[in-house]
Amino acid sequence: MNHPAIRIAVLHFSHETVTFLKNDTTLDDFVFPGSPASGEALLGAYPKSYMGGFVKMAREFDGVELVGIESPLWPKTGIGSGWVTGEAFETFVGKMIAGLKAEAAFDGVYLCVHGAMAVRGVPRPEAELARRVREAVGPKAFIAATFDLHGNEDEAFLRSADIAFAVKYFPHYDEYLQGERAARTLVRAIRGDYKPTHVTIRVPVISPTVLQWTGASPWMDLGQRALVWEAREPDVYVNIFFGFPFADVPDVGMTVQVLTNGNPKLAEQVGRDLAGTIWRQREALLKSSRIHSIADGVALAKQAVAKAAVPVVLADHSDRSGYATWLLREIVAQDLSNTLIATIADAKATARLKAMGAKAGDSFDMEIGGLADESAGEPVRIQGTILNAVEGYGQFWVCIQFGRNNVLILSTYLVQIMEPFSLKALGLDIGSFEVIAIKSRVHFRRGFDDNGFAKTILLVEPSEPFLGTTRLDKLPYQNVDLTQFYPYGSPAFSI
Ligand SMILES: [Zn+2]
């Protein structure tokens, strides 16, 4: 069948904002070689993620033209920066709207967002973006988006947009798949074959991200329940937002969205089923993982090494700046050996080393890390030998050998090591370490746990409740009343 040609605008604006960090995410943080991007450069920016899936699927339909509107890529600070400035938001959204108008008209728009961006002065940034895009493209165009399940979303987004797809797994294995589904559903909607009809239900449960691993019950069961509904009812799609509690924004907590093809009753039925499932499971959801103090975690790592239950992963889930030295200090104090510490972020130290022309074989004696804010602790003096110093991924990386066969990786920004093999690029033999100390909450499970690599996994956090803590009631929220959420209050919830 021949369809009339359709034009879809593609936009990208993503960040997961830890508003309790002191360093704002500025306009400059979004500007680097390759960003902002437009045209094919934007469409090809993240080939294995949402964008890649969207572009591939959209182009499988005849007569679909994709127009990449100038958009910023993920900021170079990654997830290690705080509030996005109003200037950054207004500048890029202003350019997007101007681009949409300059390239008009469009039958559809794809918004590649995360959902947990927090902007000074803009309470719901993704919904605000959708609202302005709607104004620009008019009421007839369809607006589709993809989200991370850490998005903080309420009813506002789908008031302006029509279609939303969020990943179901944490680690987020299905980004590409959700991009494909967004493309197919958007094209079907434009062609009159899908009438987006949705329901959004907020569930007053708030949880630290480190607990939200979907590799085990009960978090796994929520995704499974959503998949069952999608399997048994054609054209039904379910999003479960776990939420991101380290953003001090009004729409934190859990949210269920259900999309159907013109069937509001079914949307309501599925939404209530999922919301009810979450509410019944709330206690188990909050008790899903054990968190150790750093001293206990390091002691348990030593015991695991003695029993040859190696490699051991020590994951400091709470470090939000990348500079935290608590775990490093304890590893030195308890004299661990054959340990890899990946990474300690320190922009000043890496800049100095780069300026000095640091290279393999140089001796090393510096105070590193700490000080970014109180959660980072004090710098730690490391004396050893440089194994490697390389430029890559917009950072300067220095590997330092010290102590009894320990290696520390110094990076410019916060780094979450998700796959052991990613360290090969630094010339490290991952198999030679008994203990691997990383900064990650759940994403590391894909490369260290789900595949059976690590024999022991220990999640740790400092004894003081710093900004990445599991003890959310110790965080200085101004826009969130925790007593409105389980487990910090007794909110009334019935469906
Ligand atoms: Zn996420």
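Two strands are taken to pair if DSSP finds at least two bridges between them, and helices (H or I, at least four residues) and strands (E, at least two) are DSSP runs, numbered from the N terminus. The model described here is predicted, so local features need pLDDT of at least 70 and side-chain atom pairs count only at pLDDT 80 or more, whereas totals for chains, interfaces and linings use all residues. Residues are numbered from 1 along each chain as its sequence is written, and side-chain values use heavy atoms, with hydrogens and water left out.

Buried means under 20% relative accessible area, exposed over 50%, and partly exposed in between (1.4 Å probe, protein chains only).

Leucine 100, in helix H3 (residues 86-102), is likewise buried, at 2% relative accessibility. Leaving aside neighbours within four places in sequence, leucine 100 is in contact with Ala9, Leu11, Ile69, Phe106, Val133, Ala136 and Val137, where contact means heavy atoms within 4.5 Å.

Aromatic rings come next. The structure holds 16 aromatic pairs; rings of Phe, Tyr and Trp (its six-membered ring) pair if their centres lie within 6.5 Å, with planes under 30 degrees apart counted as stacked, over 60 as edge-to-face and the rest as tilted. One of these is the edge-to-face pair of phenylalanine 13 and phenylalanine 30, at 5.6 Å centre to centre and 70° between the planes. This pair links distant parts of the chain, 17 residues apart: phenylalanine 13 is in strand E1, and phenylalanine 30 is in the loop between strand E2 (24-25) and helix H1 (39-43). Phenylalanine 13 is buried at 1% relative accessible area, and phenylalanine 30 is buried at 0% relative accessibility. Phenylalanine 20 and tyrosine 477 also form an edge-to-face pair, at 5.3 Å and 80°. Phe13, Phe30, Phe89 and Phe92 form one aromatic cluster.

Charges over rings complete the picture. Arginine 232 lies over the face of tryptophan 229, 4.1 Å from the ring centre, and arginine 282 lies over that of tyrosine 486, at 5.5 Å. Such a placement requires NZ of Lys or CZ of Arg within 6 Å of the ring centre and within 35 degrees of the ring normal.
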